[in-house]
Amino acid sequence: MALLSEGLTQILIPVAALIGLAFALLQWFLVSKVKVSYGSGDGNDYKDKLIPGEEEEGIDNFEVTMKCAEIQNAISEGATSFLFTEYRYLSIFMGVFGVIIFLFLGSVKGFSTKSEPCTYNTGNMCKPALANAAFSTIAFLLGALTSVISGFLGMKIATYANARTTLEARKGVGKAFITAFRSGAVMGFLLAANGLLVLYITINLFKLYYGDDWEGLYESITGYGLGGSSMALFGRVGGGIYTKAADVGADLVGKVERNIPEDDPRNPAVIADNVGDNVGDIAGMGSDLFGSYAEASCAALFVASISSFGITHDYVAMSYPLIISSVGLLVCLITTLFATDMFEIKNESEIEPSLKRQLLISTVLMTAGIAVVTFVALPSEFTMFSFGTNKSVKNWYLFFCVSIGLWAGLVIGYTTEYYTSNAYSPVQDVADSCRTGAATNVIFGLALGYKSVIIPVFAIAFAIYVSFSLAAMYGIAVAALGMLSTIATGLAIDAYGPISDNAGGIAEMAGMSHKIRERTDALDAAGNTTAAIGKGFAIGSAALVSLALFGAYVSRAGIEMVNVLTPKVFIGLLVGAMLPYWFSAMTMKSVGSAALKMVEEVRRQFNTIPGLMEGTAKPDYATCVKISTDASLREMIPPGALVMLTPLIAGTFFGVETLAGVLAGSLVSGVQVAISASNTGGAWDNAKKYIEAGNSEHAKSLGPKGSDAHKAAVIGDTVGDPLKDTSGPSLNILIKLMAVESLVFAPFFAAHGGLIFKWL
């Protein structure tokens, strides 16, 4: 019998979520204390607010502050209008796909409203299939809405904080770091608490109808994960195309052809580039990690509902995944205080270690948290459903399952950092290869990306083997949750990157001193690495989540064994392994064709607007923003359709076994392609920054900006942009979205699927 009572569990989960939300609001309040625009006083109040240390550089502080506010406003407006347009398109998709879910699942038993025997809890009666269809659709819409809100709120705080980080950089790098990190924490805690609270409320509301039918209840809850991830896919792809079209256009013409600095206000694509950071790296990443969290929770809850927890109606043990997330929020709260209140950043070399320390502290504290939760929430022994049999499991087995997922995440994070940070030899070797031109840079970068896959794959494989051996598919689902249990800290570190990137852009555009730009560059370089770490986490957790969902799908579809030697499964495997390449081809080409238009537009403006290079005329930023917006909205539909339609077509026409093959193939190949793409792009970006910073004798010998080696590095960075910010991060959504979609539609595929093989 568990030590934790049901009543206490009912209180603990929402209270933890509300504490998370309150902490996010507190961080927002602290960030808001940095003023961007001053009130209309009598001119004398400006002098009081001047920041010491900047006056001697002869800069008019009031004018600089106004300029920052103006640029911030332009970025915020651009990002908001793009997301509103994107969400308008996606609301149509949500409506249509919601109808598809209802019709497919309702038709399983011919839209019958009669109760039917339970699939797993034999001897009992369960609610009709029509109810499952209706509630799955509601859960889908709720998941989609929460995902959209998560992304939008993240973008809002990022555009609110970027200019504040720039202005704080005048007081020193430590102040700027705290502002950027606090803003990232707002997003991390809002998203994690929001996801947990909505899921908790949804389960309790659905329970009013389902009562004791937990099997039906948690099967319909899987729609929540599907909604979250389907929005994330379009957000990631759309945002990724937007940001990279602008980035490639700005870099190729501005830095390589015209030899002007990054984020120079003379560059017509510079506002679009900064808007892109917010809609791609912030809103897209927010929706993506929310999707992972929702799916990991849904997979664990579904497997538990058909095991002894669900059959004996043990509410506390059933809520184990949610209790882990609740404790994770509290752990992340303590961890954040280490970065903002306990350790002060005094110089630029301390930024990256401080962010790495966040990962380590949260992992160590969370391990202790998992131990406590496991022993108070779970009975000492129970059984878990494992492909038709029941496996006996002890509670300490689950402690190891969750912990191994958590520590595998740390290993992936640190490996990613080693391969993408310019403090280590892999990136320095890539930078060194720029001496002989762009071709050798590309060769070295690709090799680094492929090599960086080795350790993460072994870490994931080890986590899968141990957790499956201990607790079957439930073990893998909670291992994924373990990796995502510190999601608030992971997201804070991740969102910090684009905020710092924007801060640097604003400093350049506002004409602030070289010293300020150096500080924001240092913040940005660390942010690049942390963004790569965030992507590593997202990909690692996606692998575990999609395997857990795959197991749940196989159980739900009634497949006794997935035999690779049967032709039905093997053809699915081959096609599934090909899908990440097809998907990457679509997204890369979309970025390429949008960037082509952007390059032509930027060149046209430089050639036809008199006085643009001299700085006496203003560029037409709006046209570049329009090119990125139109391209991303048009181009996000084909890759999104590929992912959403594949399971429906495979399951309906080829049956549940072929679809199992497709899921396994896409998982195995998608993880490798995603990790190598993300790390290759990250390494090229930081190799360029290594040359630009010139902090070592080696870096100085390759520079300065504008040298042949630097131009070769810019080309490598440009090639890597769509890899690290469009294709790579979107692939982890591909593998888990196809798995959760297959699980939601499994009853339909099991009843009516495999039309082609039935006709043959």
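Before moving on, some ground rules. You're looking at a predicted model, where local features need pLDDT of at least 70 and side-chain atom pairs count only at pLDDT 80 or more, while totals for chains, interfaces and linings use all residues. Residues are numbered from 1 along each chain as its sequence is written, and side-chain values use heavy atoms, leaving out hydrogens and water.

**Next: H17 and H21**

Select 514–556 (H17) and 656–693 (H21): these helices pack at about 175 degrees, with axes 10 Å apart. Axes are lines fitted to C-alpha atoms, for helices over the stretch in contact, and angles run from 0 to 180 degrees between N-to-C directions. So H17 is roughly antiparallel to H21, a label for angles over 145 degrees. Their contact involves 15 nonpolar, five polar and four charged residues. Ala, Val, Leu, Ile, Met, Phe, Trp, Tyr, Cys and Pro count as nonpolar, Asp, Glu, Lys and Arg as charged, and the others, Gly among them, as polar.

**Next: the pockets**

Pick Asp521, Ala522, Ala525, Ala693 and Asn695, which lie nearest the centre of the largest pocket among its 35 lining residues. That pocket holds about 1,000 Å³ of space. (On a 1 Å grid over the protein atoms alone, a pocket is an open set of points with protein on both sides within 12 Å along at least five of seven lines; a cavity is a set where a 1.4 Å probe fits but cannot get out; lining residues have an atom within 4 Å of a point. Grid points are joined across faces, edges and corners, and a volume is the space filled by probe spheres set on the points.) H17 gives the most to this lining, with nine residues. Colour the lining by class and you'll get twelve nonpolar, ten polar and 13 charged residues.

For the second largest pocket, about 370 Å³, jump to Lys109, Glu116, Thr119, Ala129 and Arg556, the closest to its centre of 21 lining residues. Strand S1 (116–117) and helices H4 (129–168), H6 (214–257) and H23 (708–752) each supply at least two lining residues.

The whole structure has ten cavities of 30 Å³ or more. For the largest, about 340 Å³, select Asp281, Asp501, Asn528, Lys724 and Asp725, the nearest to its centre among 29 lining residues. Its lining has 19 charged residues, with six polar and four nonpolar. H17 again gives the most, with six residues.

Finish at the second largest cavity, about 80 Å³, whose lining includes Leu289, Met483, Phe537 and Ser541.

Terms used: Helix = DSSP H or I, 4+ residues; strand = E, 2+ residues; numbered from the N terminus. Parallel < 35°, antiparallel > 145°, perpendicular 65-115°, else oblique.
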